[in-house]
Structure formats: C-alpha cells, structure tokens
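Subject: The structure you asked about

Hi,

Have it open while you read.

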Amino acid sequence: MRSKLFSRSSHKLSDSRAGTATCLCLVLAAALSNLQAQDTAEIAGVEVRASGVDESAFGQTVPVGPYHQPQWTTQRAFSTTRVYVRPPGSLEFVQYWTPEWKGGGSEHAFREELEIGLPHRFQLDFYQNWGIDDESKSFYKGSSVELRYALADWDRIPLNPTLYAEWAFNDAVPDVWELKLLLGETFARRWNWAANLVYEQETGGTRETEIAFSTALNVGFEALAERKTEQGSRSRPEYELLVGPSINVHPTRNSFVTVAPLFGKTKDSPDVELFVVAGFQFSFGGPRREREGPQAPASMFGR
C-alpha cells in the first residue's frame, strides 16, 4: 500500500515510537556492516570474465527451497512491485523510505516491515508506518498486517499467481483494506518480470477507492499507475502514472538495496517519488545459500 501523505493530516510521532523506529534502523545497519566484513575475505576469489556476465555466478535463477522458486524471488527485487512468497523458515527485515515532491512541497513516508516465510506457500508480514510532512513534523500513521498465499509451487502455473491481503490499522484516519494479485516470471532464464494488480478501500471518511497496477523488469525499469475516487465524486477520478529507472544491488549475500526514482506523467501525479528499500534476511530452518562473493546489480541480469 502506497503512502498518502499529501491527503492526510499530520500527527506528531511519540518519542517511544520514534525511538523504536530508530533502533530498528541501527540494528539493520550494524548487521549489514558485520556481514560485509565477513564477506571481504571472499572478494579475492571472485573470477572476472571478459566475455560477459556469468549468470550461474550470481545464483539468481538457481531453484531454492521446497517451492523450487528462483533465488531472485527470495528477496525484494523491485521497489514498487512484489512477487511470490518467501521460502518457509526464512525471515527478512525491510526498511522503506519514500520521499515525494509535489507542487513545491515534500513529504516522507517510512515503513518498517518484518516478513516471515511460512509452510504451505504462506507468508505473514507486519508493518509500522510513519512519516514526516511538508512542515518537517513527524507523525505516526499506524500498523499493518499482511498475508500472502501462492497458488502453486514455482512454474506450475503460468505467471506464478499469488494472493495478497492487507489491513492497515491507522492511527487517526479510517482503516484501509487492500487486495492484490502478485504475478512474476522469468523469461528465457534471464528476464525477471513482476506485476501487481491492486484494489484498496478506505473503511470510512471519504471512503477513497484506489485501483492500481505496477510492473517492473530487471533491465532497470519500473512503472506504477493508480486510479483514485472518493465518495461523492466517483465520476471524477484522479489518475497517477509514475515511470522511471531502478537498480537493485546486493552488498552481501543476505542483504539488498533497491532504489527507484519515478517521475509523474499526469497532472494528478507527484512531480517525483523516490522509492528506497533496504533489507536483510535471516534463516531459522529455511534454505541456505552457498557462500559466495559480492553480487552484481540485479538490474544487469537481463542484459
């Protein structure tokens, strides 16, 4: 669910909530630094090939886990588009930062997410949501819970459909529920593609309804389209279209950083919205990756 900072009033973030978010960020940074130090000794063993990129070295298409999903689906591959489910017995902490610029003002959305891979192709996620408005005031938005279910093991059904449901327990505005259809596929063993169909409904207030579509390809491209209406003005929808480049890098074998600056293409769109997503994954019984050196950006894999 995208943040809607410009349409909501500000509420100051309590010291305890701000402290919790800050501590989570510091823990993530410390973990990444520690793992980076462990990987430094492996860099000398990386073979550089002048003839081109060796896909097997990156392990992005290697099947892992009981669902036989490719490695690239086990971590966040794109900023705006999700795909499939995590392998059971794995956990990932993800930090989002989404600044938005519109009409000369800017606001920032932050989100901390904990993703848990469950058996039988289920995934459970928990979120804390907060932001900073155009007056530099922080406010707490609320909490969210999400459940996913993949309809089959990977490659058993075309486009690997996955069902997604989320409920946002908002702090000072009506709650929001959201349904998504997640699609993803690897074409010709090198083109990683994903798309999401979204329906989102506000439970009170203006009862805003949002229908959205996002898509991404690992050549460094993402796009997000949204149609929004409110009670009393359903015949006058707002249309947003954001398009831009993206890059996904893996500083270590268990971490990733995805950055996508998207540019508005309609009058209702933000001028620019920047999506920054960073994550670190843990394992408590899930599939383990072989030890390896640093990985190239995922946006290179389709080239």
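Let's start with a word you will need a lot: a residue is buried when its relative accessible area is under 20%, exposed when that is over 50%, and partly exposed in between (1.4 Å probe, protein chains only). With that in hand, E115 counts as buried, because its relative accessibility is 5%.

Two things to know before going on. This is a predicted model, so local features need pLDDT of at least 70 and side-chain atom pairs count only at pLDDT 80 or more, while totals for chains, interfaces and linings use all residues. Residues are numbered from 1 along each chain as its sequence is written, and side-chain values use heavy atoms, with hydrogens and water left out.

**The overall picture**

The protein has two helices and 15 strands. Both kinds of element are DSSP runs numbered from the N terminus: helices are H or I with at least four residues, strands are E with at least two. Of the 303 residues, 50% are buried. Contact here means heavy atoms within 4.5 Å. Taking the contacts with a separation of 6 or more, 54% are between residues 24 or more positions apart.

The accessible surface comes to about 14,100 Å², and carbon and sulfur atoms hold 61% of that. These areas come from the Shrake-Rupley method with a 1.4 Å probe; for residues, only the protein chains shown count as cover.

**Salt bridges**

A salt bridge is a side-chain nitrogen of Lys or Arg within 4 Å of a carboxyl oxygen of Asp or Glu. A search of the whole structure gives 11 of them. Back to E115: its partner is R82, with the closest N and O atoms 4.0 Å apart. The pair joins distant parts of the chain, since R82 is in the loop between β2 and β3 and E115 is in strand β4, 33 residues apart. R82 is buried too, at 5% relative accessibility. E113 joins R82 and E115 in a network of salt bridges.

Two other bridges are worth a look. E92 pairs with R86, the closest N and O atoms being 3.4 Å apart, and both residues are buried. K228 pairs with E240, again with 3.4 Å between the closest N and O atoms. That pair links strand β11 (residues 221-229), where K228 is, to strand β12 (residues 238-245), where E240 is, 12 residues apart. K228 and E240 are both buried.

**Aromatic rings**

A pair of aromatic rings is described by the distance of the centres and the angle of the planes. The rings of Phe, Tyr and Trp (its six-membered ring) pair if their centres lie within 6.5 Å; planes under 30 degrees apart are stacked, over 60 edge-to-face, and the rest tilted.

How many aromatic pairs does the structure hold? There are 10. One of them is Y67 with Y84, an edge-to-face pair at 6.4 Å centre to centre and 80° between the planes. Y67 lies in the loop between β1 (63-64) and β2 (69-70), and Y84 in the loop between β2 and β3 (90-102), so the pair ties together parts that are 17 residues apart in sequence. Y67 is buried at 5% relative accessibility, and Y84 is buried at 0%. Y67 and Y84 also belong to one aromatic cluster with W72, F78 and W154.

Charges can sit over rings as well: NZ of Lys or CZ of Arg has to be within 6 Å of the ring centre and within 35 degrees of the ring normal. R111 has its charged end over the ring of Y127, 3.7 Å from the centre. K180 lies over the face of Y164, 4.7 Å from the ring centre.

**Two loops to click on**

Find N160 in the loop between β6 and β7. Is N160 buried or exposed? It counts as buried, because its relative accessibility is 3%. P119 is partly exposed, with a relative accessible area of 49%. P119 and P88 are 31 residues apart in sequence, and their C-alpha atoms are 5.1 Å apart in space.

Happy exploring!
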